Amino acid sequence: MVRHCSPNQGDGPGPVVDTCGQMADPAARADPQVSRSIVSVQLMMRLATDHGLDVVRGLAGSGISAATLMDPQAEIQPQQELKVIENLVAGLPRVPDLGLQAGLRYHLSLYGVWGFALATSPTLRELTDVATRYLDLSFAFIRFDIGLRDQRPTVDLQTDALPPAVRQFVLERDFAAMVNALTEVLPGASLFEAVDFSFAQPAYADAFRRLCGVTPRFGQPDNRVFLRPASLDQPLPQGNALVSRACEDYCRRLLARKREHVGLAARVRQRLLRDPQRMPGIEALAREFNMAPRSLRRRLDEEGTRFRDLTEDVRQSLARDLLRNADLKLDEIAERLGYAEAASFIHAFRRWTGMTPSVFRSTPRSG
């Protein structure tokens, strides 16, 4: 799961560590190569036409045809959606709060199984884990860094990878969509302690207060949400650990399919699958790929993943398949996955799924 991480000295410099003092995972980010549903563009084009921008201008240069726009099963690339956003920002300058208006139209039902996994998470802490781990099943473009600052839970909203022309729109849209999701899973709760934005105070600042219950501080060094300390472990009304875990399992498989043929991560995954009993370390793999280990790490980070995450994903996927479909003992499965003993495999599997391999094997299939 994605760790809750924080700078080690409040807001000062220093390595990012998690709440256990270990080096933390990089912020969750949208993968620029993973395809996404057309639904988000459909929603934004309805907003655009409501304000008088026609479909032709809204889709110009995106490579999305009017026919594709009408197909609810269509998949597009993130860059195509960013082009539509660029068209909306350029074509509707008289609507300064366009990003907020867009975000308010995003509801959990739009996200399919990812949204259902969030809605059924037992606590907000578990919801944030699922949300960030499978971010590419949402429509977000900003990166999320969930952690602690001065013992206060925070969500950093990172926009540095976005084109400047659309940065504020996307930030406001994704922030409003995040607030909508939290409001739907925990209606009536007061979750926000403070909100910081790096851009100057806009004329529509009151709209933020009405949305999240606090008046943001504008012109700050970072875009950051401070949550109330007790909120992370507050039970959610629709929380159901078994249903949430089944949804998360589906999310994992769906995202794996989407990433199967994407970039360097796909090549690494295919190499690890070739001989899971003797998976190479990152130095050995870098030599095979004629790359420096640092370059390999950087390239994987740019694709939103890490070498350790890929090895874990490959082992987890193979473990599930072997437990379901092979009549093997646990020590035999452990050996096939490169574990020295069954106990290490059992510990890892429980960390992945929340259950032992034996319980998983006896549980009826879901999804």
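This is a predicted model: local features need pLDDT of at least 70, side-chain atom pairs count only at pLDDT 80 or more; totals for chains, interfaces and linings use all residues.
Helices here are DSSP runs of H or I with at least four residues, numbered from the N terminus.

Helix α10 spans residues 241–259 and holds both Arg252 and Asp249, three residues apart, about one turn of the helix. Arg252 forms a salt bridge with Asp249, and the closest N and O atoms are 3.1 Å apart. Both Arg252 and Asp249 are buried.

Arg152 pairs with Glu193, with 2.9 Å between the closest N and O atoms. This pair links distant parts of the chain: Arg152 sits in strand β6 (residues 152–158) and Glu193 in strand β7 (residues 192–196), 41 residues apart. Are these two partners buried or partly exposed? Arg152 counts as partly exposed because its relative accessible area is 25%, and Glu193 is partly exposed too, at 31% relative accessibility. The side chains of Asp156 and Arg224 also meet in a salt bridge, at 2.6 Å from N to O. Asp156 lies in strand β6 and Arg224 in strand β8, so this pair ties together parts that are 68 residues apart in sequence. Here Asp156 is buried, and so is Arg224.

The aromatic side chains come next. The structure holds 16 aromatic pairs. A pair of aromatic rings is described by the distance of the centres and the angle of the planes. Phe175 and Phe208 make a tilted pair, 6.3 Å centre to centre with 40° between the planes. Phe175 belongs to helix α8 (residues 167–185) and Phe208 to helix α9 (residues 205–212), so far as sequence goes 33 residues apart. Both Phe175 and Phe208 are buried. Phe208 also forms an edge-to-face pair with Phe218, at 5.8 Å centre to centre and 70° between the planes. Phe218 is in the loop between α9 and β8 (224–227), 10 residues from Phe208, and Phe218 is buried as well. Which residues form one aromatic cluster with these? The cluster consists of Phe175, Phe197, Phe199, Tyr204, Phe208 and Phe218.

Finally, look at the surface. Asp327, Asp331, Glu332 and Glu335 gather there in a patch of negative charge. Glu332 is found in helix α15, residues 330–336, and is partly exposed, with a relative accessible area of 34%.

Notes. Residues are numbered from 1 along each chain as its sequence is written. Side-chain values use heavy atoms; hydrogens and water are left out. Patches are made of residues with over 30% relative accessible area and no salt bridge: like charges are joined within 9 Å, nonpolar side chains (Val, Leu, Ile, Met, Phe, Trp, Tyr) within 5 Å. Accessible areas come from the Shrake-Rupley method with a 1.4 Å probe; for residues, only the protein chains shown count as cover. A salt bridge is a side-chain nitrogen of Lys or Arg within 4 Å of a carboxyl oxygen of Asp or Glu. Lys and Arg count as positive and Asp and Glu as negative; His and the chain ends are not counted. The place of a charge is taken as NZ of Lys, CZ of Arg, CG of Asp or CD of Glu. Helices (H or I, at least four residues) and strands (E, at least two) are DSSP runs, numbered from the N terminus. Buried means under 20% relative accessible area, exposed over 50%, partly exposed in between (1.4 Å probe, protein chains only). Rings of Phe, Tyr and Trp (its six-membered ring) pair if their centres lie within 6.5 Å; planes under 30 degrees apart count as stacked, over 60 as edge-to-face and the rest as tilted.
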